[in-house]
Protein chains: 2
Amino acid sequence: MKINVNKRDPVYVQVMRYFKEQIATGQLAPGEEIASRREIANQLKINPNTAQRAYKEMEELGLIFTEGNMPSRITMDETILTDVRKELVLEAVTEFIHSIQSIDVSLEEAVELVKENYNRKRAD
Amino acid sequence: MKINVNKRDPVYVQVMRYFKEQIATGQLAPGEEIASRREIANQLKINPNTAQRAYKEMEELGLIFTEGNMPSRITMDETILTDVRKELVLEAVTEFIHSIQSIDVSLEEAVELVKENYNRKRAD
DNA sequence: CATCGTGTATTAACTAGTTAGTACACAATG
DNA sequence: CATTGTGTACTAACTAGTTAATACACGATG
């Protein structure tokens, strides 16, 4: 588990994205406990405050919830959970389309490129 | 011509990207004069220093060159010019593949999404 | 020769993000 | 009852990016 692949987004945003991905792929189940702020900060070699910021925002988004001093847990709200994946997919596609259209890449060329690179990238 | 569509990248990076797109699509020809720092800053409502930073980096990358106090111009180096488009295309594809694979989107689904959204997005 | 528009450089101040260090309330564990 | 691990909160300092305000050398234009 690495975070700093992407330098352009703030660390706390990348942490949020990591959890969104885990939720979207079912690797984190509804109601499941997640690592504490201090734990995750330790694992990712980031500051506990930065971890706290990510968790706080995820709580505001309804992705996780916290009761008392218990470890925070993944929400059990079905709507939110299914929306997470939709959001990530739509974001990726929208960004990609925007990028290739701004440099005049045709639909055919784009599809070809995706096909060519989809399996290639797994080898990295 | 707008710049701040994207909040995650620094403004000077977005300015560089704008010029790369113009070069990649042939809207800026080799040797062609580009807007002065003050001009572009005015057009984009950004600070002249930020424009200068973008231009300076583009100069370091060999994208543009400056002689005396003349307006900067697009490079005439064929290799650099063709590489610009390749770089932008590869970057877009790589990022997209990475995003969709991290949320378990299959190749078929991805291709379908691109096809569905390619023309839709033009309507924005 | 004065003016204007180039590129270039410098200094100061502000914001967002990050790190560091510390602190406190609370519940479970020993 | 002391310790440990939760969440939460606050202050201080640092960095990168941005803006603002000047300043200067140089060449063309009037």
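**Note on the salt bridges of the model**

1. Over all chains, the structure holds 13 salt bridges, a salt bridge being a side-chain nitrogen of Lys or Arg within 4 Å of a carboxyl oxygen of Asp or Glu. This is a predicted model, in which local features need pLDDT of at least 70 and side-chain atom pairs count only at pLDDT 80 or more, while totals for chains, interfaces and linings use all residues. Residues are numbered from 1 along each chain as its sequence is written, chains are lettered from A in the order in which they are written, and side-chain values use heavy atoms, with hydrogens and water left out.

2. Within chain A, E57(A) and R53(A) form a salt bridge at 3.7 Å, N to O. Both belong to helix 3 (residues 48-60), where their spacing of four residues is about one helical turn; helices are DSSP runs (H or I, at least four residues) numbered from the N terminus. E57(A) is partly exposed at 26% relative accessibility, and R53(A) is partly exposed at 42%. Partly exposed lies between buried (under 20% relative accessible area) and exposed (over 50%), with a 1.4 Å probe and protein chains only.

3. A salt bridge also joins R85(B) to E109(A), at 3.7 Å, N to O. This pair crosses between chains, from helix 4 (residues 78-101) of chain B to helix 5 (residues 107-122) of chain A. R85(B) is partly exposed at 24%, as is E109(A) at 33%.

4. In chain B, the side chains of E91(B) and R17(B) meet at 3.5 Å, N to O, in a salt bridge. E91(B) is in helix 4 and R17(B) in helix 1 (residues 11-24), so the pair ties together parts 74 residues apart in sequence.

5. In chain A, salt bridges link R17(A), E21(A) and E91(A) in a network.

Definitions and conventions:
Helices (H or I, at least four residues) and strands (E, at least two) are DSSP runs, numbered from the N terminus.
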